[in-house]
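User: I am new to this structure and would like to go through it by question and answer. Please show it first.

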Amino acid sequence: MSKSDSILKLLQGCNSLQRLQKIHAHVITNGLQHHPAISTKLVHFCAVSVSGSLSYAQLLFHHIDNPQTQAWNSIIRGFANSPSPLQSILYYNDMFSSLVSRPDTFTFSFVLKACERVKAENKCREVHGTIIRCGYERDVVVCTNLVRSYVGNGFIGVAKKVFDDMSERDLVSWNSMISCYSQANFHYEALKVYDEMKNENVGLDGFTLVGLLSSCAHVGALNVGVNLHRIACEEGFVKNVYVGNALIDMYAKCGCLDDAFCVFDTMQKRDVFTWNSMIVGYGVHGHGDGAISFFRQMLMAGVQPNSITFLGLLCGCSHQGLVEEGVEYFHMMNTEFNLKPGIKHYGCMVDLFGRAGKLEKALDMIGTSPSQDDPVLWRTLLGSCKIHKNVKIGEIAMRNLVQLGASNAGDYILLAAIYAGAKDTDGIAKMRKMIKSQGIKTTPGWSWIEVGDQIHKFVVDDKSHPDFVEIYHKLREVISQAALLGYVPEESLISVAGLITEECLETSTSYHSEKLAIAFGLARAPKGTSIRIVKNLRVCKDCHSFTKYVSKAFNREIIVRDRVRFHHFKGGVCSCKDYW
């Protein structure tokens, strides 16, 4: 065996940087530092291996006289996955300038990854042009990475066009498109891709299921999720811990805690994400005691909690009014688990004290926060001031939002409602003037409802649905039935001297998006089945009251997931016990 062959064999079994440096010394003493295969192997190990060193890889690379494509690929790949992905693009540029080596499938894939990470949209388009000129536009691996890069740069439409134009699409390509849509919060579109995928008879795997279940969770597509669960069981993917976690998350976010627990209970392997899914699930449903129970079981199982665990706990404590328990877990983060509370944890504590009417303590909590300039904390406090009609602290919260330059229409409307509660007409007039003079726009509210395996979206006073005439006719009937049982629209929420004051920021109390969704659900969903609705904003008091009466009048369970939490309406009462 020649010296070069023996060194290549040594490199093949190398598993540490220290060992590689010894081999490198052996290479130099034998005068083989310019041997193409050896120098390429050395660079590859240092650039790609977890035991390598990018700085050492650079040193080796710059001593190669005419690097071949494989050596360029190693250095481009190494930096694409490093904390300095911009270096990957610079090496790609150098490769073209060298005019010696030509890019291949791997070169394009690695530099596109770097473009995605540094948000280099112009470079992404430039690389796309090079891909076409070099004849790689039909390469399934390159095009799949091109899709990811475009999505990472915010060009969802371009990414979908690249995907649609691919002459060949394998399972990885389909998974990438679904994952990209899901991660970019285009969940409805992700489910549409799945419909196309089924027509192509591609099949699916665990990655497909995780991406699709995530989208089902976000839009409340329970029926689609249940079907995916059935497929996961039939294909044996349900044993995959990631699929199991995604199923728990899907069921919890679709309002089915019992089904989430069934998945949890049958899982042979659980990780911190499994436990967190249950704790967060119980928390957002307002079952703080349930979240605490799972937390204790988690510790008994020897699983170390993380910051998400405590978010779920604090959320549950806040929604159930468990103030003492919430304070205990907040302090436990640092004292027992060495976890530093983040802005979201402080937000939960402000919410916890605020909902319970302890507004001074909520204000003190913001004072101890490392991020007192975060508008979320002050907005949370302002919302609590509306609940408890506290003008003084409400004005403090508003003043801070204005100073931060973060005030919006919702904030002025909330303070106007606080003034209305105190019958302060001057305060109301001041808020109306602020909104009109600054031309502030409200956030449009929408509601999603799943009927069959289709998601239907409604906005306030929506007439875009093809069956809107039937829907409005049904809504008038529903309002009439609710009124017979005692429902009265909350006039105080309809307007405050010309301002909309309720939290959902929609413009017509009679035809809020969730009322339209409820009417559609009652008209189309089979009798006896639950109606599930997902809202992007907080449910207002009028709609909360309306939904309670509807659940009794039509003997239906109505589950509403708003921006803050779940509400389960049944028999004229809500699971939140009007504490939200």
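This is a predicted model: local features need pLDDT of at least 70, side-chain atom pairs count only at pLDDT 80 or more; totals for chains, interfaces and linings use all residues.

User: How many helices and strands does the chain have?

Analyst: Helices (H or I, at least four residues) and strands (E, at least two) are DSSP runs, numbered from the N terminus. The C-alpha atoms of the chain fill a box of roughly 95 × 55 × 55 Å along the principal axes. The count for the chain is 30 helices and six strands.

User: What percentage of the 580 residues counts as buried?

Analyst: Buried means under 20% relative accessible area, exposed over 50%, and partly exposed in between (1.4 Å probe, protein chains only). Of the 580 residues, the buried share is 51%.

User: What share of the contacts with a separation of 6 or more joins residues 24 or more positions apart?

Analyst: Contact means heavy atoms within 4.5 Å. Among the contacts in the chain with a separation of 6 or more, residues 24 or more positions apart account for 63%.

User: How are H12 and H13 oriented to each other?

Analyst: Axes are lines fitted to C-alpha atoms, for helices over the stretch in contact, and angles run from 0 to 180 degrees between N-to-C directions. Helix H12 (residues 187-199) and helix H13 (residues 206-219) have axes 8 Å apart and pack at about 135°. Angles under 35 degrees count as roughly parallel, over 145 as roughly antiparallel, 65 to 115 as roughly perpendicular and the rest as oblique. H12 and H13 are therefore oblique.

User: Which classes of residue make the contact of H12 with H13?

Analyst: The H12 side of this contact includes His187, Tyr188 and Leu191, and the H13 side includes Thr208, Leu212 and Val219. Ala, Val, Leu, Ile, Met, Phe, Trp, Tyr, Cys and Pro count as nonpolar, Asp, Glu, Lys and Arg as charged, and the others, Gly among them, as polar. By class, the contact of H12 with H13 has eight nonpolar, five polar and no charged residues.

User: How is H13 oriented to H15?

Analyst: The axes of H13 and H15 come within 8 Å and cross at roughly 15°. That angle makes H13 and H15 roughly parallel.

User: How many nonpolar residues are in the contact of H13 with H15?

Analyst: H13 contributes residues including Leu209, Val210 and Leu213, and H15 contributes residues including Tyr242, Asp249 and Lys253. One residue of the contact of H13 with H15 is polar and two are charged, and the nonpolar ones number 10.

User: How are H3 and H5 oriented?

Analyst: Helix H3 (residues 36-48) and helix H5 (residues 69-80) pack with axes 8 Å apart at about 10°. This makes H3 and H5 roughly parallel.

User: Is Glu116 buried, partly exposed or exposed?

Analyst: Glu116 is in helix H7 (residues 105-118). Leaving aside neighbours within four places in sequence, Glu116 is in contact with Arg148, Ser149, Gly152 and Asn153. With a relative accessible area of 24%, Glu116 is partly exposed.

User: Is Asn338 buried or exposed?

Analyst: Asn338 lies in the loop between helix H20 (323-337) and helix H21 (343-355). Asn338 is not a glycine, although its phi is positive, at about 55°. Its relative accessibility is 66%, so Asn338 counts as exposed.

User: What is the relative accessible area of Lys423?

Analyst: Lys423 is in the loop between helix H25 (409-421) and helix H26 (425-438), and its phi is positive, near 55°. Lys423 is exposed, with a relative accessible area of 71%.

Conventions. Residues are numbered from 1 along each chain as its sequence is written. Side-chain values use heavy atoms; hydrogens and water are left out.
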